[in-house]
Amino acid sequence: MSESEQISQLEQIVEDLLHEARHLGADAAEAGVSTQTGLSVTVRLGETETIEHTSDNGLGITVYFGRRKGSANTTDLRDAAIRETVAAACRIARHTSEDPAAGLADAERMAHDVPDLDLFHPWELDADAAAEIARGCEDAARRVDPRISNSEGATLYTQRSSFIYGNTHGFVGGYPTTRHSLSCAVIAQEGEEMQRDYWYDSSRVPTELSSPEIIGRTAAERALARLHGRKLGTRECPVLFRADVAPSLLRSLFGAIRGQAVYRKSTFLLDRVGEKILPEWVTISEDPRKPRGQASAPFDNEGVATSYREIVSHGTLQGYLLDSYAARKLGLTSTGNAGGVRNAAIESSGQSFNMLLRDMDRGVLITELMGQGTNLVTGDYSRGAAGFWVENGEIQYPIEEITIAGNLNEMFSGLVAVGNDDDIPGSTRTGSWLFERMTIGGD
């Protein structure tokens, strides 16, 4: 079945779901249907270890009887299962209490223009070809240094999927997508000490992935650099979050301005719209309609049209991240963020990574974070970490078993710089973040 035929079939399923919901007395309904196929091949120590073919379906229906809501899901797309899923959602709705904020997103916010964002680029390769690519990636890692003594393997993954969403406003829309990735994880050993690290790349387009050699070599170099890690005494000093761990800081920011946190008054950024929360040179945006973007979507999970938006402009918080429910709770309108932020980016202050090290002079470079020690109610931040000690603007030696602590409110307002080293995998574009001072917990 071609992609266009599959999309047509899914559209019909959505229309059938909505018709059945109306037939059973629902005042309004929304439904989403998706299909996904994938191939994952892992090679370890030169041998093909696993080959996994996946094929998944998913269907969800939400119905509204006035302001009473019921939802049900299934992976079975047969007609009888579809009818039973709708009936189950209706039964749930009839037994729930009224919620004034429940309901479909506003009809006038639906995406009437659904552009082709160039998200579908299938990779036609079989398991043998996938294994060859993964093997080449792992071989490149193992050739870097004799101390690369073992491997957790290299994995190639390719996926294609189709998604359709519709509701009783008359909106039905969807599109096919692809996602491809190649990763490698190896172990470096010297004497009795062993250290593990990895690297990867992902893309909508297979030809845009980094070469297997680059991914493998980077994984090996990262593992080797961690050998002979030292502990660090407790202190306060500058901290540089390397670009590949910096997205976690943006996720903390987005979590604090998410509608649910705001209407529950469980965020340290409550009532801060229109105020400076970051230095004036900082602008943070999302670009949901970026062609080939890894998080691109022409509409959000409720059918609301997406658009480019500056979330923080010149340091000032411009608004919250709202779906229609949170918007109603706050007396506002949806920002098209049902399902999250798409293709987030923070503008650089212009320095390269090496320039940031020189600016920091003496402090800690963070390359790995562990644990979930972020309290979005108070802003208190404490994470296990590993990285490198920097002296005179140059990396001196690896460090491990430390904690870093601060308060996000103070961290954000005191951000010193964001590098231009933003060529990292994923949907978030950011360079490394330099903070003037944090508490380091060690020996």
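Visitor: In this predicted model, what is the bridge partner of Val239 in β16?

Guide: The bridge partner of Val239 in β16 is Phe435. This bridge belongs to the pairing of β7 with strand β16 (residues 433-441), where 6 bridges join the two strands in the antiparallel sense.

Visitor: What makes β7 and β16 count as paired strands?

Guide: Two strands pair if DSSP finds at least two bridges between them. β7 and β16 are joined by 6 bridges, so they count as paired.

Visitor: How do you know that β7 and β12 are paired, and in which sense do they run?

Guide: The requirement is at least two bridges. β7 and strand β12 (residues 363-370) share 3 bridges, so the pairing holds, and its sense is parallel.

Visitor: Why is β7 called mostly covered?

Guide: A residue is buried when its relative accessible area is under 20%. In strand β7 (residues 235-241), 5 of the 7 residues are buried, so the strand is described as mostly covered.

Visitor: Why is His121 called buried?

Guide: The relative accessibility of His121 is 18%, and the cut-off for a buried residue is under 20%; His121 therefore counts as buried. This residue lies in the loop between α2 (79-94) and α3 (127-143). Leaving aside neighbours within four places in sequence, His121 is in contact with Thr178, His180, Arg204, Val205, Pro206 and Arg292.

Visitor: Is Ala101 buried or exposed, and what makes it so?

Guide: Ala101 has a relative accessible area of 5%, which is under 20%, so Ala101 is buried. Ala101 is found in the loop between α2 and α3. Not counting residues up to four places away in sequence, Ala101 touches Tyr325, Arg328 and Lys329.

Visitor: How far apart are the C-alpha atoms of Ala101 and Gly379?

Guide: They are separated by 28 Å, while the two residues are 278 residues apart along the chain.

Visitor: What makes the space lined by Gln195 and Arg226 a cavity?

Guide: A cavity is a set of points where a 1.4 Å probe fits but cannot get out. The search of the whole structure finds 1 cavity of 30 Å³ or more. About 50 Å³ of space lies in the largest cavity. Its lining consists of Gln195, Arg226, Thr367, Ala386, Gly387, Pro398, Ile399 and Glu400.

Visitor: Which element gives the largest share of that lining, and how do its residues divide by class?

Guide: β14 gives the largest share, 3 residues. Both β13 (380-391) and β14 (394-407) supply at least two residues each. By class, the lining of the largest cavity has 3 nonpolar, 3 polar and 2 charged residues.

Notes:
Residues are numbered from 1 along each chain as its sequence is written. This is a predicted model: local features need pLDDT of at least 70, side-chain atom pairs count only at pLDDT 80 or more; totals for chains, interfaces and linings use all residues. Side-chain values use heavy atoms; hydrogens and water are left out. On a 1 Å grid over the protein atoms alone, a cavity is a set of points where a 1.4 Å probe fits but cannot get out, and a pocket is an open set with protein on both sides within 12 Å along at least five of seven lines; lining residues have an atom within 4 Å of a point. Grid points are joined across faces, edges and corners, and a volume is the space filled by probe spheres set on the points. Helices (H or I, at least four residues) and strands (E, at least two) are DSSP runs, numbered from the N terminus. Ala, Val, Leu, Ile, Met, Phe, Trp, Tyr, Cys and Pro count as nonpolar, Asp, Glu, Lys and Arg as charged, and the others, Gly among them, as polar. Buried means under 20% relative accessible area, exposed over 50%, partly exposed in between (1.4 Å probe, protein chains only). Contact means heavy atoms within 4.5 Å.
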